[in-house]
Amino acid sequence: MSGANEGRSLYERLGGIYGIAGAVDDLVDRLYDNESANRNPAVRQFHEKGGHAGFKFLVTAWSVQETGGPRVYPGRDMRESHTHLKVTEDEFDNVYTTIEQSLFQVGVPKPERDEFMAIIESYRSMVVAPENRDAA
Ligand code: HEM
């Protein structure tokens, strides 16, 4: 017997554009208000510039593409867009947990949450600055 999810991409199981955009809407609002994230001066400076709507668009498009949806992401790659922020492992963990909270908040079931979080984890080494990386 085949499972209910057989053949359906993570993108489809997350509810496509509407589902993903809804989760990112919640996530970006949390991140902009996240005091721990804002302790990083470069992150705070970016957040103080505003631009929530554009950032939501970029993160939605990235997530759509990464989960097997249409290739719509027009932004920079993960290394290029984070190098200047000098992200630490702790800061990555903080954002990771915030993403998980948003997925939970908008009702994404555990298997899809776990699958999405594995994608996020796979980008850790590109987002955390080389000088801040824990020895493997
Ligand atoms: C795997 C985890 C992450 C993903 C998928 C992600 C995704 C993105 C995307 C799609 C962009 C836009 C790229 C562009 O401008 O073309 C971006 C930029 C940015 N990210 Fe992340 N991010 C991650 C982790 C983090 C972490 C851990 C932090 C902070 C601690 C962070 C803070 C920022 C900031 C401040 C920008 C704007 C940089 C600028 O334009 O000056 N991100 N991220």
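A crossing of two helices is left-handed if the near helix is turned anticlockwise from the far one by less than a right angle, and right-handed if clockwise. In this predicted model, H2 passes H4 in a right-handed crossing. H2 also passes H6 in a right-handed crossing.

Two packed helices are described by the angle between their axes and the distance between the axes.

| Pair | Angle | Axis distance |
|---|---|---|
| H2 and H4 | about 130° | 9 Å |
| H2 and H6 | about 140° | 9 Å |

The angle of about 130° between H2 and H4 makes H2 oblique to H4. With H6 the angle is about 140°, and that makes H2 oblique to H6.

**Contact with H4**

H2 brings Ile17, Ile20, Ala21, Val24, Asp25, Val28 and Tyr32 to this contact. H4 answers with His52, Phe55, Lys56, Val59, Thr60, Ser63 and Val64. By class, the contact has nine nonpolar, three polar and two charged residues. Take Ile20: beyond residues up to four places away in sequence, Ile20 touches Leu14, Gly15, Thr60, Ser63 and Val64.

**Contact with H6**

Here H2 uses Ala23, Asp26, Leu27, Arg30 and Leu31. They meet Val95, Thr98, Ile99, Gln101, Ser102, Leu103 and Gln105 of H6. This contact has six nonpolar, four polar and two charged residues.

**The core**

The largest nonpolar core holds 15 residues. Ile20, Ala23, Val24, Leu27, Val28 and Leu103 have the most contacts inside it. H2 (16-32), H4 (52-66) and H6 (89-105) each supply at least two residues of this core. H2 gives the most, with six residues.

Key. Residues are numbered from 1 along each chain as its sequence is written. This is a predicted model: local features need pLDDT of at least 70, side-chain atom pairs count only at pLDDT 80 or more; totals for chains, interfaces and linings use all residues. A nonpolar core is a set of buried Ala, Val, Leu, Ile, Met, Phe, Trp, Tyr and Cys residues joined through C-beta atoms within 7 Å. A residue is buried if 20 or more other C-beta atoms lie within 10 Å of its own, exposed if 12 or fewer, and partly exposed in between; C-beta atoms are placed from the backbone. Helices (H or I, at least four residues) and strands (E, at least two) are DSSP runs, numbered from the N terminus. Two residues are in contact if their C-beta atoms, placed from the backbone, lie within 7 Å. Axes are lines fitted to C-alpha atoms, for helices over the stretch in contact, and angles run from 0 to 180 degrees between N-to-C directions. Angles under 35 degrees count as roughly parallel, over 145 as roughly antiparallel, 65 to 115 as roughly perpendicular and the rest as oblique. Ala, Val, Leu, Ile, Met, Phe, Trp, Tyr, Cys and Pro count as nonpolar, Asp, Glu, Lys and Arg as charged, and the others, Gly among them, as polar.
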